Amino acid sequence: MADEKTPKQKLKLYSYWRSSCSCRVRIALNLKGLQYEYIPVNLVKGEQFSPEFTELNPIGYVPVLVDGDVVVSDSFAILMYLEEKYPEHPLLPSNLNKRAINYQAANIVSSSIQPLQNLAVLKYIEEKVSADEKLSWATCHITKGFQALEKLLKDHAGRYATGDEVFLADLFLAPQIHGAIKRFNIDMVQFPLLSRLNDAYVELPPFQDAMPEKQPDAPPSVVS
C-alpha cells in the first residue's frame, strides 16, 4: 500500500525562472526529494494575469503549487504545506528558539526585502519616477535588510544560517543573495556572514539546481 504522504500524482509548480519566491519552493522540493512538473509563467509577458492563472491565484503571483486537488499559493504557505505533508528533510528545527530565528530571518526576506524589489514595484517606480531611481530604491532596501540579517544571525549561524543544518531561513536567504548579486550588483564585502553562507549554498546541489539559470524557462543568455 502506498504511503499516504507520497504524492499520488506528480506535483505541479507554476514558476518563473527569476522569481526568488519560486526559487525557495524549488529548493524545498529538491531537498525533500519530491518530483514535480515545472509549469513556466512568464511574468514579463503578463501571463500571471491570464484567466487560467488567476483561477489558481487571484492576486496573480508565482509560485503556485498544485498537489492533486490542493492548490496553494504564496511561497511561505507552500513551504508550510510541504513541511506538514511531506516531513522528509525537515525545514524547521525542533529547538523552539532556533525555529523562531528561522521565522524571523525568513520574514525579513519575504516582508522587508523581496516585496520592495519585485518586478511590479520596480516597473511602477521606473514609470512614475525614473529608471535610475528604480535601482537605488532596490539597493537601499536590500542593503537595509541584509544589515538586519547580519545582526540577527551573528550569534546563531554555523555552516548555514542557524547552525550546521539547512533549515527554512536558508531557503529564503539563498535566492535573495543570488538575486542581490546577479540582478542588483550588491557589493557583498559589507556582508561577510551572508557572503560565507552564499559560499556554502553554492556547494549544495538541491540549492544550485533550483537557481534561476538552471530553470527551463531561463533565457539562453543566462543559462550556465
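**Exercise 1.** Which residue takes a positive phi in the hairpin of S3 and S4?

Solution. The model is a predicted one, in which local features need pLDDT of at least 70 and side-chain atom pairs count only at pLDDT 80 or more, while totals for chains, interfaces and linings use all residues. Residues are numbered from 1 along each chain as its sequence is written, and side-chain values use heavy atoms, with hydrogens and water left out. Strands are DSSP runs of E with at least two residues, and helices are runs of H or I with at least four, numbered from the N terminus. Two residues lie between the strands of this hairpin, and glycine 68 takes the positive phi, near 65 degrees.

**Exercise 2.** Describe the pairing of S3 and the directions of its side chains.

Solution. Strands pair if DSSP finds at least two bridges between them. S3 and S4 (residues 70-73) are antiparallel over four bridges, with valine 66 opposite valine 71. Three bridges join S3 to S1 (residues 11-15), also antiparallel, and there leucine 13 stands opposite leucine 65. In S3 (residues 64-67), Val64 and Val66 point one way and Leu65 and Asp67 the other, all being buried (under 20% relative accessible area, with a 1.4 Å probe and protein chains only).

**Exercise 3.** Locate glutamate 47 and list its contacts.

Solution. Glutamate 47 lies in the loop between S2 (36-40) and H2 (51-56). Leaving aside neighbours within four places in sequence, its contacts (heavy atoms within 4.5 Å) are Pro40, Val41, Asn42 and Phe53. A polar atom of the glutamate 47 side chain lies 2.8 Å from the backbone nitrogen of asparagine 42.

Terms used
A polar contact is a pair of N or O atoms within 3.5 Å; within protein, one must be able to donate a hydrogen and the other to accept it, and residues adjacent in sequence count only if both atoms are side-chain atoms. Buried means under 20% relative accessible area, exposed over 50%, partly exposed in between (1.4 Å probe, protein chains only).
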